[in-house]
Structures are given as C-alpha cells and as structure tokens.
Amino acid sequence: MNLSNLHKERLGPAAIGAITGASYIFFSRTIGTFKPDIFINIIFTRVNTVLSFIAAVAILYFYTIFYSEFAKEEGKAVREASFIMLISSFFVSLLFIKGILMVFDIYNFLSPAFNLFIPFLSSLISFYFFITLYKKVSCGERSLLPQAALLASFGSILAIFIRAMVVYNYFAEKKFEWFWRYTQESPLIFIPIVVFIFFTGVYFFFICYKELKAK
C-alpha cells in the first residue's frame, strides 16, 4: 500500500504521541505503585491526573488517525476492528476524565463498575484488533507490522488474564483491586507480565512510525 504525504504527516506524529502517552502512563503508574506516598501531595496528584488524561488522548488520537488514514484501505475486517478499537480508546479516556473529576472534587463516582468493566472490555477489544491486523494486513514491504500486531495480541491476552482476575475478585470477594496492585503482591510474576504488556503495545506504535518513516 502506498501512503500519501498526508498519511505520513498525520499518522507518524500520532504514533510518536501514542508512544509518549503510553510511556507516561506506564511510568506514572509504576511510581504510584511502588512509591504511593508521592501522591499525598494533592497538587502533584492533580497534575499527574491531567497529564495522564492528555497521554490517553494521544493514544486515542493515534487510533483515530489509524482508522481514518490506514484502516480504510485495508479491507472491511481491519476497518471494523480499527473502529471498535477507536471506540474502546475513547471509553478508556473517559476513565481519566473520571479521575480528573474526582481529584478536583467536582464529582465523586462511588460505583467501581466503570473502572472494572471498561479496562476488561478494552483488553478483549485490543486482542480482537491486533489479531485481526495480524491475519488481514498484507505483509509486502511492511513485513514487521503483522508480527508487531501478533506480539501485541499476546500482550492483550495477558491483560485479559489480569483484568479477569480483578473482575473475579470483585464478585467473589466483594472488593475492587487496582490492576497494578498485583505487582505489589506477587512482583516476580506480575511485573514481567505488566512490562511485557507495555512493551508490546509501544512496539506496535513504534513499528507503525518506523515503517511510515521508511516510505
């Protein structure tokens, strides 16, 4: 597939933004998990929450451009999977809006259902998206893109596993646990899993950027 200059100008920077956004969210949550005292300062917490929302929007923007500039040329299956992934990213960004409303004392959501099911459904959708890309996107000169999608699909499977545990614990033990809390309880098991999930997602963004740059 030949990408136009417009595709390059929009999708390339969007991929860099997604890498930056995903990296910020990852390192922010890593610090928050192992150094929770840092969030005692309300100003720091508010700034971090706003920056995390901007990071989530950067990822949303990538999938918006991916759908509008890339997927439309790759067949019905890729278009549908990309659109569903775009909607999923939108709802994930709403989680960060929820966080902003809470830390700025605008509105406090008492029900954990939003935090419980949106990440779980997002993981399922991510797997569907990446495995569809792997199966349907032709290799050609972009031989690394299907492989990057396949690797990301494995990361999505692991995310589904952990988030299924969160959902199960909520209904079985009537308690809601943060996704990252498992890295505190069993670091030797869950830290490698979380790092792998992060790496596979960022690697996919990087391959998108790299192969655009090579055009």
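Which residues in helix 4 are buried? The legends below, drawn from a predicted model, take up this question first and then turn to other close-up views.

**Figure 1. Buried positions and length of helix 4.** The buried residues of helix 4 are Leu116, Ile118, Pro119, Ser122, Ser123, Ser126, Phe129, Phe130, Ile131, Thr132 and Leu133. The helix has 24 residues, which at 1.5 Å a residue should span 34 Å, and this agrees with the 34 Å between its end C-alpha atoms. Leucine 133, one of the buried residues, is in contact with Phe66, Val78, Ala149 and Phe204, leaving aside neighbours within four places in sequence.

**Figure 2. Packing of helix 3 against helix 4.** The axes of the two helices, helix 3 and helix 4, come within 9 Å and cross at roughly 155°. An angle over 145 degrees counts as roughly antiparallel, and helix 3 and helix 4 are therefore roughly antiparallel to each other. The crossing of helix 3 past helix 4 is left-handed. Residues of helix 3 that take part in the contact include Ala77, Val78, Ala81, Ser82, Phe91 and Lys98.

**Figure 3. The largest nonpolar core.** This core contains 48 residues, of which Phe62, Tyr63, Phe66, Phe129, Leu133, Phe204 and Phe205 touch the most other members. Two or more residues are given to the core by each of helix 1 (5–34), helix 2 (42–70), helix 3 (76–103), helix 4 (113–136), helix 5 (144–173) and helix 7 (187–213). Helix 7 gives the most, with 10 residues.

Figure 4. Tyrosine 182 belongs to helix 6, which comprises residues 181–185. Its relative accessibility is 3%, so tyrosine 182 counts as buried, the cut-off being under 20%. Not counting residues up to four places away in sequence, tyrosine 182 touches Ile162, Met165, Val166, Asn169, Glu177, Pro187 and Phe190. Valine 194 is 12 residues from tyrosine 182 along the chain, and the C-alpha atoms of this pair are separated by 9.7 Å.

**Figure 5. Aspartate 105 in the loop between helix 3 and helix 4.** Is aspartate 105 buried or exposed? At 63% relative accessibility, aspartate 105 counts as exposed, because the cut-off for that class is over 50%. The phi angle of aspartate 105 is near 55°, a positive value in a residue other than glycine.

Terms used: Residues are numbered from 1 along each chain as its sequence is written. This is a predicted model: local features need pLDDT of at least 70, side-chain atom pairs count only at pLDDT 80 or more; totals for chains, interfaces and linings use all residues. Side-chain values use heavy atoms; hydrogens and water are left out. A nonpolar core is a set of buried Ala, Val, Leu, Ile, Met, Phe, Trp, Tyr and Cys residues joined through side-chain atoms within 4.5 Å. Buried means under 20% relative accessible area, exposed over 50%, partly exposed in between (1.4 Å probe, protein chains only). Helices (H or I, at least four residues) and strands (E, at least two) are DSSP runs, numbered from the N terminus. Contact means heavy atoms within 4.5 Å. The expected span of a helix is 1.5 Å times one less than its number of residues. Axes are lines fitted to C-alpha atoms, for helices over the stretch in contact, and angles run from 0 to 180 degrees between N-to-C directions. Angles under 35 degrees count as roughly parallel, over 145 as roughly antiparallel, 65 to 115 as roughly perpendicular and the rest as oblique. A crossing is left-handed if the near helix is turned anticlockwise from the far one by less than a right angle, and right-handed if clockwise.
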